[in-house]
Amino acid sequence: PLRGLIHERQQIKLLTDGQVSNPSGDPAATWDCDNLLVFGCRKKSADYYYQDEWEKMEQQERDSFGLMTAFSQDQWHKIYVQQVLKQSDPEGE
């Protein structure tokens, strides 16, 4: 379901030049249709579903799709999604 949602949002952005009506129903309000996928799993080689598709989308659609990954068992120290999110926070909170 998440994969379909991201594809739908990317298509909506293409069709509306990036400005989509706010889901609240207010036709005057708009929101950016950007997507950030934060994917975490144990092993990249075994659990990273749709890896090629996500990475290709990140390369081709840099302005509207971001990808952050965390693989907890691919190195001696564990890396979790929470750590990746914290490191990406510009305020460091």
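Predicted model: local features only at pLDDT ≥ 70, side-chain atom pairs only at ≥ 80, totals over all residues.

Q: What pattern does the protein chain follow when it is read along the sequence?
A: Helices and strands are DSSP runs numbered from the N terminus, a helix being H or I over at least four residues and a strand being E over at least two. In this case the protein chain has four helices and four strands, and along the sequence they follow the pattern α-β-β-β-α-α-β-α. Of its 93 residues, 27% count as buried.

Q: How many salt bridges are there by the rule, and which residue meets the side chain of Arg-3?
A: The general idea is that side chains of opposite charge can pair when their charged atoms come close. The rule asks for a side-chain nitrogen of Lys or Arg within 4 Å of a carboxyl oxygen of Asp or Glu, and by this rule the count here is three. One of them joins the side chains of Arg-3 and Glu-53, at 3.0 Å from N to O; this pair links distant parts of the chain, with Arg-3 in helix α1 and Glu-53 in helix α3 (residues 51-60), 50 residues apart. Glu-53 counts as partly exposed because its relative accessibility is 21%.

Q: Which residues form a salt bridge at 2.7 Å, and which at 3.9 Å?
A: At 2.7 Å from N to O, the side chains of Lys-13 and Asp-34 meet. This pair too connects distant parts of the chain, since Lys-13 is in helix α1 and Asp-34 is in the loop between β2 (30-32) and β3 (35-41), 21 residues apart. Asp-34 has a relative accessible area of 37% and so is partly exposed. At 3.9 Å from N to O, the side chains of Asp-47 and Arg-42 meet, and here Asp-47 is buried, because its relative accessible area is 14%.

Q: At what angle do α1 and α3 pack, and is their crossing left-handed or right-handed?
A: Each axis is a line fitted to C-alpha atoms, for helices over the stretch in contact, and the angle runs from 0 to 180 degrees between N-to-C directions. For α1 and α3 the angle is about 20 degrees, with the axes 13 Å apart. That makes α1 roughly parallel to α3, given that angles under 35 degrees count as roughly parallel, over 145 as roughly antiparallel, 65 to 115 as roughly perpendicular and the rest as oblique. The crossing is left-handed, a word used if the near helix is turned anticlockwise from the far one by less than a right angle, clockwise being right-handed.

Q: Which residues of α1 and α3 make this contact?
A: Contact means heavy atoms within 4.5 Å. On the α1 side the residues are Arg-3, Ile-6, His-7 and Gln-10, and on the α3 side they are Glu-53, Trp-54 and Met-57. By class, this contact has three nonpolar, two polar and two charged residues, where Ala, Val, Leu, Ile, Met, Phe, Trp, Tyr, Cys and Pro count as nonpolar, Asp, Glu, Lys and Arg as charged, and the others, Gly among them, as polar.

Q: Is Met-57 buried or exposed, and what does it touch?
A: Met-57, which lies in helix α3, counts as buried because its relative accessibility is 6%. Leaving aside neighbours within four places in sequence, Met-57 is in contact with Ile-6, His-7, Gln-10 and Phe-65.

Q: Where is Ser-72 found, and which residues does Ser-72 touch?
A: Ser-72 is in the loop between β4 (65-71) and α4 (81-88), and at 8% relative accessibility it counts as buried. Not counting residues up to four places away in sequence, Ser-72 touches Cys-41, Arg-42, His-77, Lys-78, Ile-79 and Tyr-80.

Notes:
Residues numbered from 1 in each chain as written. Heavy atoms only, no water. Buried < 20%, exposed > 50% of the residue type's maximum accessible area, 1.4 Å probe, protein only.
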